[in-house]
Number of protein chains: 2
Amino acid sequence: MKAVILQGSSAAPPPPVALAYATRASPHTTLPTSQRPRDTAPTSRHGVVALSDTGAQWALVNMAANVADRLQADAAAHNHIGWCDAQHRAIVLTDAQVDHVAGLLSLRDGSPIDLYATPAVFEALSRSLPVLPVLQHYCGVHWHIIPVAGETQCANFRIEQLPHLEFTALATQGPTPPYLAEHETQSAAGHSIAIAVRDRDSGQRLFCAPGAVALGYTELDWMRSADCVLIDGLTTWPADEAQDDWLARRKVLLGVAQRAQGGACPDGFECASDGMVIDL
Amino acid sequence: MKAVILQGSSAAPPPPVALAYATRASPHTTLPTSQRPRDTAPTSRHGVVALSDTGAQWALVNMAANVADRLQADAAAHNHIGWCDAQHRAIVLTDAQVDHVAGLLSLRDGSPIDLYATPAVFEALSRSLPVLPVLQHYCGVHWHIIPVAGETQCANFRIEQLPHLEFTALATQGPTPPYLAEHETQSAAGHSIAIAVRDRDSGQRLFCAPGAVALGYTELDWMRSADCVLIDGLTTWPADEAQDDWLARRKVLLGVAQRAQGGACPDGFECASDGMVIDL
């Protein structure tokens with residue numbers, strides 16, 4: 001299994017407010033989601049991860065606009081992961097945050113998109129921010145529903161292009177996109193997910209939570225056993241969780257907020273950088 | 001008056017199909033809009049123009065996603081036109097093509113957007129591709145309606161930040177965005193406009209038509225008297241129009257299709273390039 005971090009050629013440095021915000025809600029705090037000052041933070045966090053089993057074909061987790069433009073324009077990046085040329089372009093969405101979905105519009109001129117997402121995310125992108133109906137007039141989108149919804153907190157799925165990988169989607173508590181109407185945010189699960197990936201050949205495991213989510217004990221169980229952990233810098237988890245028994249050889253903080261802290265990461269974590277390659 | 005061409009750091013080269021298309025519909029053909037093979041052409045043409053009266057404040061004409069990302073990320077471009085820092089960010093939309101509006105989402109974290117557009121464009125961006133309701137949850141958008149609609153083919157307007165410039169919007173026949181429902185495309189005027197700009201101090205005139213539009217005799221009258229003409233490489237006009245009596249000192253072809261022709265432009269035209277500065 002391989003993972004590549006994509007932040008786009010022009011990942012924007014966060015405005016000064018991000019410093020205060022990152023300090024307030026570091027990975028070690030347990031501030032409840034409802035109290036997070038999300039509105040004051042920059043919403044561009046560029047949490048795009050490219051995943052592959054053998055390196056021949058790739059799926060992207062989320063699609064920021066600047067990463068989409070980079071993928072199409074930069075021949076090096078283009079050749080590197082060979083994603084734009086694929087007959088079907090596979091994308092997994094972990095939520096419907098604008099930063100994670102706006103880049104879909106920039107992909108309109110290519111081959112069809114194979115989109116993997118929960119019912120809540122498909123609904124958001126069909127009604128409140130209907131990029132999917134728009135894309136039907138361009139490249140077309142094939143829906144692959146990840147059945148995390150209602151009482152179902154966890155679901156396995158496969159991506160056709162990556163036959164050696166097994167995916168598990170885990171419902172997480174994340175900030176809901178502010179553009180959603182209140183009645184759209186009331187479903188029990190599925191507005192945001194974390195993704196656990198297992199390589200069937202090597203047995204290696206990756207845990208990926210690109211949104212600023214609050215992880216519970218179920219997700220922590222998966223994270224604890226992962227060989228690589230990719231989480232947003234604003235992820236939170238219960239305060240009684242010790243990291244001593246985590247198996248991960250690599251723990252990477254996604255997002256750009258860390259740069260405002262002079263590049264310093266919490267102990268044991270690396271800060272993601274554009275083009276960072278993770279071999280598992 | 002100043003104009004700067006912005007194509008983004010990563011203007012994508014067109015796929016091979018663009019060559020045939022550009023050849024079929026060069027500025028000298030008069031192919032009716034309805035017969036244009038628009039669907040087969042790449043829809044990323046990056047026709048963003050920055051306009052200013054004194055160079056202190058700027059308004060942008062359209063907003064491609066890659067240009068929006070560049071504006072926010074590239075300190076040089078950022079300082080160059082000082083647009084992102086403005087208390088209000090002024091944008092004029094000439095139509096609702098995805099390439100001209102998708103970048104609005106990337107601007108969500110800044111100051112409010114002052115948006116100048118026709119009723120047809122505001123409707124498209126409120127209903128079929130509702131980026132405006134979404135942006136209300138982020139930076140906010142102030143609507144400035146350009147009253148080209150119904151039987152009204154022409155309207156003057158001002159942009160508060162550019163008090164020395166007078167703007168005239170002219171209805172043009174352009175391809176309607178494919179994502180619009182049929183009933184939304186039936187209004188008589190306003191789906192696409194060209195913009196004529198006059199500097200009240202110097203008297204200099206600029207004519208700007210960034211969409212692949214078919215110009216009629218009214219627009220040609222304006223274009224003929226302009227000191228600078230900025231048009232898309234796929235613009236068409238009546239075959240009996242001679243360019244001999246055009247006043248323009250500079251005639252610039254916007255869009256990237258020309259690159260597929262080895263950079264060659266029709267006689268008398270320059271091909272736009274990223275960062276090209278036009279002083280009038």
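Me: Is A:Gly211 buried or exposed?
Reply: This is a predicted model, and A:Gly211 has a relative accessibility of 8% in it. Buried means under 20%. A:Gly211 therefore counts as buried.

Me: Which residues of helix H7 in chain A are buried, and why do they lie on the same side?
Reply: In H7 (residues 217-224) of chain A, the buried residues are A:Glu219, A:Leu220, A:Met223 and A:Arg224. They are on the same side of H7(A) because they cover an arc of only 135° around the axis.

Me: Which strands are included in what covers the buried residues of H7(A)?
Reply: The buried residues of H7(A) include A:Leu220 and A:Met223. Their cover includes three strands of chain A: S8 (165-171), S10 (205-209) and S11 (228-232).

Me: How many residues of helix H2 in chain A are buried?
Reply: H2 of chain A spans residues 65-73 and is mostly covered. Among its buried residues are A:Val67, A:Asp69, A:Arg70 and A:Leu71. The count of buried residues, out of nine, is seven.

Me: What is phi at A:Asn62, and what is it at B:Asn62?
Reply: Most residues other than glycine have a negative phi. A:Asn62, in the loop between strand S3 (59-61) and H2 of chain A, has a positive phi although it is not glycine. B:Asn62 lies in the loop between S3 (59-61) and H2 (65-73) of chain B. Phi is near 75° at A:Asn62, and at B:Asn62 it is about 75°.

Me: What is the relative accessible area of A:Asn62, and what is the relative accessibility of B:Asn62?
Reply: A:Asn62 is buried, with a relative accessible area of 0%. B:Asn62 also counts as buried, and its relative accessibility is 0%.

Me: Which residues does A:Leu135 contact, leaving aside neighbours within four places in sequence?
Reply: A:Leu135 lies in helix H6 (residues 131-135) of chain A and is buried, at 0% relative accessible area. Its C-alpha is 9.2 Å from that of A:Pro112, 23 residues away in sequence. Leaving aside neighbours within four places, A:Leu135 is in contact with A:Leu104, A:Leu105, A:Arg108, A:Ile113, A:Gly140 and A:Val141.

Me: Which backbone oxygen lies 3.4 Å from a polar atom of the B:Ser111 side chain?
Reply: B:Ser111 is in the loop between helix H4 (98-101) and strand S5 (113-117) of chain B. Its relative accessible area is 18%, so B:Ser111 is buried. Residues it touches include B:Cys84, B:Ala86, B:His88 and B:Cys139. The backbone oxygen at 3.4 Å belongs to B:Gln87.

Me: What kind of aromatic pair do B:Trp246 and B:Phe269 form?
Reply: The structure holds 10 aromatic pairs over all chains. For B:Trp246 and B:Phe269, the centres are 6.5 Å apart and the planes are at 85°. The pair links distant parts of the chain, 23 residues apart, and both residues are buried. Planes over 60 degrees apart count as edge-to-face, and this pair is edge-to-face.

Me: How far is the charged end of B:Lys251 from the centre of the B:Phe269 ring?
Reply: In chain A, the charged end of A:Lys251 sits over the ring of A:Phe269, 5.3 Å from the ring centre. In chain B, the charged end of B:Lys251 sits over the ring of B:Phe269, and its distance from the centre is 5.3 Å.

Me: What percentage of the residues in chain A is buried?
Reply: Chain A has seven helices and 14 strands. Of its contacts between residues at least 6 apart in sequence, 62% join residues at least 24 apart. Among the 280 residues of chain A, the buried share is 61%.

How values were computed
Residues numbered from 1 in each chain as written. Chains lettered and ligands numbered in written order. Predicted model: local features only at pLDDT ≥ 70, side-chain atom pairs only at ≥ 80, totals over all residues. Heavy atoms only, no water. Helix = DSSP H or I, 4+ residues; strand = E, 2+ residues; numbered from the N terminus. Buried < 20%, exposed > 50% of the residue type's maximum accessible area, 1.4 Å probe, protein only. Contact = heavy atoms within 4.5 Å. Polar contact = N/O pair within 3.5 Å; in protein donor to acceptor, adjacent residues only side chain to side chain. Phe/Tyr/Trp six-rings, centres within 6.5 Å; stacked < 30°, edge-to-face > 60°. Lys NZ or Arg CZ within 6 Å of the ring centre and 35° of its normal. Arc of directions from axis to C-beta.
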